[in-house]
Amino acid sequence: MKKTLSILLALVLVLSLVACTERKQPTETKTETKAEAPAESTKETAKETVKETTAEAEAPAELKDGTYEGTAKGHNADLKVEVKVEGGKITSVEVKEHAETEGLADAALKDIPAAIVAANSTDVDSIAGSTVTSDAIKAAVKDALSK
């Protein structure tokens, strides 16, 4: 009786361990069909398009000198900026109006305009904790430069 009970308990233990182990999902295997054959050339074309788009983003279009105003949706309300361009470069970005939360948005309101001027581009990192405000400033500058 004890021997049967021991074997039964051992069997239950083994089954519970097997049932609780993580199973690997089968990896996706690709079987190429005639319809998928041209996909390789499509992938290459997509890669080339991404490279071209990246190159365009890295090299901003020649900016015309002047003072521009732009608006974008901030966290609480619209945010307005003034952008000055001299010699084809962004020389100043100033937040003119905003309704962002004091304390939380202060870093973005101070650092993002300076980063945009330094990079001569809106392709700068957002400030952690002020992502919406950071993105609004960048969008407002883009809006200003598109005019």
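Helix axes here are lines fitted to C-alpha atoms over the stretch in contact, with angles taken between N-to-C directions.

**Figure 1. The whole chain, from a predicted model.** Four helices and three strands make up the chain. Walk along the sequence and they come in the order α-α-β-β-β-α-α. Of the 147 residues, 24% count as buried. As for how far apart in sequence the partners sit: take the contacts between residues at least 6 apart, and 44% of them join residues at least 24 apart.

**Figure 2. Helix α3 meets helix α4.** Two packed helices are described by the angle between their axes and the distance between the axes. For α3 (residues 106–119) and α4 (residues 131–145), the axes come within 9 Å and cross at roughly 40°. That angle is why α3 counts as oblique to α4. The crossing of α3 past α4 is right-handed. On the α3 side, the contact is made by Ala108, Leu109, Ile112, Pro113 and Ile116. Their counterparts on α4 are Thr133, Ser134, Ile137, Lys138 and Val141.

**Figure 3. Glutamate 82, a buried charge without a salt bridge.** This glutamate 82 belongs to strand β2, which covers residues 78–86. Lysine 96 has the nearest side chain of opposite charge, 4.1 Å away, and a salt bridge calls for a nitrogen within 4 Å of a carboxyl oxygen. So who else is in contact with glutamate 82, leaving aside its neighbours within four places in sequence? Thr67, Tyr68 and Glu69 are among its contacts, and the list also includes Ser92, Val93, Glu94 and Lys96.

Note on methods
Residues numbered from 1 in each chain as written. Predicted model: local features only at pLDDT ≥ 70, side-chain atom pairs only at ≥ 80, totals over all residues. Heavy atoms only, no water. Helix = DSSP H or I, 4+ residues; strand = E, 2+ residues; numbered from the N terminus. Buried < 20%, exposed > 50% of the residue type's maximum accessible area, 1.4 Å probe, protein only. Lys, Arg positive; Asp, Glu negative; His and termini not counted. Contact = heavy atoms within 4.5 Å. Axes fitted to C-alpha atoms, helices over the stretch in contact; angles between N-to-C directions. Parallel < 35°, antiparallel > 145°, perpendicular 65-115°, else oblique. Left-handed = near helix turned anticlockwise from the far one by under 90°.
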